[in-house]
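Work through the exercises below with the sequence and the model at hand. Try each task before reading its solution.

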Amino acid sequence: MRAPWVAGCVIGLLPFLVHAQLPSEGRVSARLNIEASSEPVPIDQMINGWESNARSSDFAFADGTASLTAEYQGWLLGAERRYYYLYEFTPDTVSWYEEVEQGSENSTDKNIDLDVSSFDARGVFAGYRFSGNGWSLTPSFTLYKLGHYQFGELSGRSSEGEGTNASAFLDYYFDEDKILAYEAEEGERFGYSLSVAGTRSFNDDWTASFELRDLWNRLEFFTASHRTGCINVGTVETSVCEQEGASVSGKDVLEDYITRIPVTVRGSLSYEPYRMHGDLIMHGPYRNLTLRKDWLVGSFVSGVSVSSANQLGVYLTGEWFRIRYAADDLRLNYVRDAQLEASLFYQW
């Protein structure tokens, strides 16, 4: 199980995301950024319920942040709202869950494995941009107040036949049990995150930048709800539970819990003579490489992009705004991989 909660980081508008000159004195910016990937079904169905044939896959991921940042003479202060989830599973689990959702007969016995990490949080952050001749380095620290969360693991086996026949062992932390509709009284929960971003101009042609978000992070839950136990549904030939035949067995406790989430790695390389850019993002099992080409049109910069996640994208940057959208399907209800950034900024 990957049990994490809270993540954070500090970055308002990073140089490698907004290709504009850094302000000499001050800057205020607002930014919305979403990265989402749902391999088995479109993102809309991942949220609202599966309706169509699912693809064989092993994860779904989303990280969305809305932030407001003030910068002055290298200092950064800001606030953010963050939503995060990472689901990891086996192709067998996808096939079994699709059969459950559509009420179809289980075709074969299947192994069930699911790791869930999800949370929402409010945070405040501070950082400082160190800079020199052709380089900058910006460490920042975020303090989070955590909201809803689910971290856990489900492992077991389903049986061939009609109906839902499965036996699984459950081990997870939660603020509200979505499976058995139980809500416990809990203590406070906080998160801490250290992130680092930087840029390096090698010459007039080449510029590289990077971000290590949540490079170090710690998620603390005081008197968190923790459930372990076995669940048997329908008729199963081999139960994973110690008390075979019981519908639910295990224990519920309140205990302190500490965990973390994986670091997000972003990198960018730009070749200015042809206005070409390459961007890479990695988070857990998620990988996406994007190639971009832009043009100067009057006082605006416009461009198009393609990515390894089959995304086509467009973007437009002006003196006080930037907007970028990339997706693997023009129909919103069928999008499985998407990137969205919308930024407003004012500098003096």
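**Exercise 1: the surroundings of Lys-110**

Lys-110 touches Asp-92, Ser-95, Trp-96, Glu-99, Gly-156, Arg-157 and Ser-158, leaving aside residues up to four places away in sequence; contact means heavy atoms within 4.5 Å. The model is predicted, so local features need pLDDT of at least 70 and side-chain atom pairs count only at pLDDT 80 or more, while totals for chains, interfaces and linings use all residues. Residues are numbered from 1 along each chain as its sequence is written, and side-chain values use heavy atoms, with hydrogens and water left out.

Task: In which strand is Lys-110, and is Lys-110 buried or exposed?

Solution.
Step 1. Lys-110 belongs to strand β4, residues 110–128. Helices (H or I, at least four residues) and strands (E, at least two) are DSSP runs, numbered from the N terminus.
Step 2. The relative accessibility of Lys-110 is 2%, so Lys-110 counts as buried. Buried means under 20% relative accessible area, exposed over 50%, and partly exposed in between (1.4 Å probe, protein chains only).
Step 3. A polar atom of the Lys-110 side chain lies 3.3 Å from the backbone oxygen of Thr-108.

**Exercise 2: helix α2**

Task: What span should helix α2 have at 1.5 Å a residue, and which of its residues are buried?

Solution.
Step 1. The expected span is 1.5 Å times one less than the number of residues.
Step 2. Helix α2 (residues 91–102) has twelve residues and should therefore span 16 Å; its end C-alpha atoms are 17 Å apart, which agrees.
Step 3. The buried residues of α2 are Thr-93, Val-94, Trp-96, Glu-98 and Glu-99.
Step 4. Their cover includes β3, β4, β6 (135–158) and β7 (166–174).
Step 5. Just after α2, Gly-103 has a positive phi of about 70°.

**Exercise 3: salt bridges**

Task: How many salt bridges does the structure hold? Which parts does the pair Arg-82 and Asp-63 tie together?

Solution.
Step 1. There are 19 salt bridges in the structure. A salt bridge is a side-chain nitrogen of Lys or Arg within 4 Å of a carboxyl oxygen of Asp or Glu.
Step 2. In one of them, the side chains of Arg-82 and Asp-63 meet at 2.8 Å, N to O. Arg-82 lies in strand β3 and Asp-63 in strand β2, so this pair ties together parts 19 residues apart in sequence.
Step 3. Arg-82 has a relative accessible area of 0% and is buried; Asp-63, at 7%, also counts as buried.
Step 4. Glu-80 and Arg-213 form another salt bridge, with their closest N and O atoms 3.5 Å apart. Glu-80 is in strand β3 and Arg-213 in strand β11 (residues 206–233), so the pair ties together parts 133 residues apart in sequence. Both residues, Glu-80 and Arg-213, are buried.
Step 5. A network of salt bridges links Asp-63, Glu-80, Arg-82, Arg-213 and Asp-214.

**Exercise 4: Arg-275 and its partner**

Task: Where is Arg-275, and what is the phi of this residue?

Solution.
Step 1. Arg-275 is in the loop between β13 (264–271) and β14 (276–283).
Step 2. Its phi is near 50°, a positive value in a residue other than glycine. Most residues other than glycine have a negative phi.
Step 3. Arg-275 counts as partly exposed, at 26% relative accessibility.
Step 4. The side chains of Arg-275 and Asp-294 meet in a salt bridge of 2.6 Å, N to O. Asp-294 is in strand β15 (residues 286–297), and the pair links distant parts of the chain, 19 residues apart.
Step 5. Asp-294 counts as buried, at 5% relative accessibility.

Notes: Polar contact = N/O pair within 3.5 Å; in protein donor to acceptor, adjacent residues only side chain to side chain.
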